[in-house]
Each structure stands twice: as structure tokens, then as C-alpha cells.
Amino acid sequence: LSHSIRNTQDNFLLYYQPLVDAHSETLIGAEALLRWISPNKDIISPERVIAALEATGHMDGVGAWVLEQAVCQCSRWIASGISRDFVLHVNITAEDLMRPNYSMSVISLLSRYALDPSNIILEITETSLMQSVSACRQNLIRLRKAGIRISLDDFGTGYSSLNYLRELPVDEIKIDRAFLENIHKDRYNHSFISAMVILAHSIPRHVCIEGIETKEQADTVRALGADVFQGFHFGRPIAATEFEQRFFCKNNNRT
Ligand code: C2E
Ligand code: MG
Ligand code: MG
């Protein structure tokens, strides 16, 4: 891992998972997800890697690499002729949002790659944002003023009081996949998603549901009015070239 950090491009890569419109199930964007290629060539999921990067103070550098890779990829995809409305979601940390010059660095990165701010959504987990909301607020406001949208990731698993939701400078909530468990039978999970959709739309915020694995789950939450879907049912995270073949080649578009 420390070798990877010194030669970032070599051993890190981004996977892309499709996001679809909840009603038409057509592709509207993707989430960029970090992967690490271990010395014996296994592709390692981010949670363990991110914990190690954070513990050793290296997350800033890798986070900057992720953002630049993602912006570069999205800019290339749009230049190659895919929809100008395509939106790439990128995960960031509360530490990013606490750095005074963070919003400026994102804005100048977008201009360097000639990418419109509306093509990027930054995701921050509810838990990490709620722990440092006042320190993050300035950057969130500046990013949104510049047209970059913010999504509150893993919503429902953190500690936000519902009254906070109204005040938070975010554009979308992404309801955690924990609430999809037994969604057609579990009345609490069903009511939770239903209530959150009503609440979010009233302020107004978009609602993305993550972790949809079956058609039944998709049908159930569609009826509750969610806007965007993500999950293995629509596609697992895959490398950029595979994503292009599957979603951008005209004869191959499965969504
Ligand atoms: P996340 O941002 O909530 O990303 C969604 C995670 O759920 C991904 O795991 C994805 O593979 C998984 N997932 C998507 N659909 C399904 C499904 O239908 N069923 C199940 N069981 N899982 C599904 P992944 O890629 O292992 O990422 C885990 C977490 O690591 C992410 O959760 C995010 O919080 C963090 N992460 C990933 N990449 C980055 C990054 O570049 N920067 C930062 N700061 N965090 C990242
Ligand atoms: Mg995310
Ligand atoms: Mg999530």
C-alpha cells in the first residue's frame, strides 16, 4: 500500500457503477469507486484500504487522485459523444471539505478538464458530515454556488436529526442499502423509505436508493417515488473500458 501511494497511478484504479433513472431505468450516470490492486494482483475493495490510508494520513493524496481521475474520465466520455447530462458521482471525505481551499481546487480542476460542474456530484457520508458539519459548511456552500451538487451518502445510518436535513447544503440523499432488506415485508423499512422520499421532496431534494439487487426491490421503491436507482440489479462496479462497452456501445446498451 505504501508503494502504491508513492506511485499512485500504478496500483489504484477506479471502477464505475451505473446509476439509472428510477422510472425509465435508463442510464443517467455512474459512481466512481476506488479499488487497490494488491501485490499479488487481487483487486481489494476500498473500505479496508481507506481505513489504512486514513490511519497513515495518506487519504488526502489518494482522494485528490480519485477526483482528478474521475473528472478526466467524465470529461473524456462527454467529449466522445455520450449524453451531456451524464453525471459522475465521486466520494469525498469530511477532511476534504474542512480544507479552506477545497472548493477552489475542485472548481479549478473542472475548468482544467473543461467539464461542466453539473456533470459532477460529490458524495459525503451522513456520518462523517454530521460530525463536522459546521467546519464543512463554507465549502459545501461554495461548491453548490459553483453548480456542483452534493449527495448525502449512506443516509439513515448516521446521526442526523431530521430537522438538520432542511438546513444541510445538499442536493440529494442516498438512502443506505440497509433499508432495502426485506423491503416488501418489513414495514419499518418500507415506511422509512416512503417517509424520507416525502420529506426530501418537500424541501426539495432528490432521492437515490442504493443497493438494489432485485426487480422486486426496484418495483417496490419505484412505487414510493424515489428518483434514482443504483445496485447490482442494474450493474456491478466495473472498469472504465468494460463500462464503455456495456453502456455506451450502441448495440450493447442494456439499460
Ligand atoms: P458507497 O459510496 O456507499 O458505495 C456503494 C458501495 O455499495 C460500493 O461498495 C458498491 O460496490 C456497493 N454496492 C452497490 N450496489 C450494491 C448492491 O446492490 N448490493 C451490495 N451488497 N452492495 C452494493 P465499495 O465499492 O466496496 O465501496 C465501499 C465504500 O467505500 C463506498 O460506499 C464509499 O463510502 C467508500 N469509497 C469508495 N470509493 C471511494 C473513494 O474514492 N473515496 C472515498 N472517500 N471513499 C470511497
Ligand atoms: Mg458513495
Ligand atoms: Mg452509500
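Trainee: What does the side chain of S80 reach in W77?
Mentor: The S80 side chain reaches the backbone oxygen of W77, at 2.7 Å. We call that a polar contact: a pair of N or O atoms within 3.5 Å. Within protein, one must be able to donate a hydrogen and the other to accept it, and residues adjacent in sequence count only if both atoms are side-chain atoms. Keep in mind that this is a predicted model: local features need pLDDT of at least 70, side-chain atom pairs pLDDT 80 or more, while totals for chains, interfaces and linings use all residues. Side-chain values use heavy atoms, without hydrogens and water, residues are numbered from 1 along each chain as its sequence is written, and chains are lettered from A and ligands numbered from 1 in the order in which they are written.
Trainee: Where is S80 found?
Mentor: In the loop between α4 (59-79) and β4 (87-91). Helices (H or I, at least four residues) and strands (E, at least two) are DSSP runs, numbered from the N terminus.
Trainee: Is S80 buried or exposed?
Mentor: S80 is exposed, because its relative accessible area is 57%. The cut-offs are under 20% for buried, over 50% for exposed, and partly exposed in between, with a 1.4 Å probe and protein chains only.
Trainee: And how far is S80 from F248?
Mentor: They are 168 residues apart in sequence, but 9.9 Å apart in space, C-alpha to C-alpha.
Trainee: New topic. What holds the magnesium ion (ligand 2)?
Mentor: Its protein donors are E31 (OE), N91 (OD1), E123 (OE) and D153 (OD), lying 2.0 to 2.3 Å from it. Donors are N, O and S atoms within 2.8 Å of the metal (3.2 Å for Na, K and Ca). Water is not among the atoms, so sites may look incomplete.
Trainee: How are those donor residues spaced in sequence?
Mentor: E-x59-N-x31-E-x29-D. E123 is in strand β5 (residues 120-125) and D153 in strand β6 (residues 149-155), 30 residues apart. Both E123 and D153 are buried.
Trainee: Why does the pair D153 and E210 tie together parts that are apart in sequence?
Mentor: D153 lies in strand β6 and E210 in strand β8 (residues 206-210), so the pair ties together parts 57 residues apart in sequence. Both residues are buried.
Trainee: Now ligand 1. Which residues come nearest?
Mentor: E31, R35, D153, E213 and F232, of the 24 residues around it. Near means a heavy atom within 4 Å.
Trainee: Which polar atoms lie by its oxygen atoms?
Mentor: A polar side-chain atom of E31 lies 2.9 Å from an oxygen atom of ligand 1. For an N or O atom in the side chain of N91, the distance is 2.9 Å. F232 uses a backbone N or O atom, at 2.8 Å.
Trainee: Which element gives the most to the shell around ligand 1?
Mentor: β2, with four residues. β2 (27-37), α3 (46-55), α4 and β6 each supply at least two.
Trainee: Last one. Is S103 buried or exposed?
Mentor: S103 counts as buried, because its relative accessibility is 1%. S103 lies in helix α6 (residues 102-112). A polar contact of 2.9 Å joins the side chains of S103 and N139.
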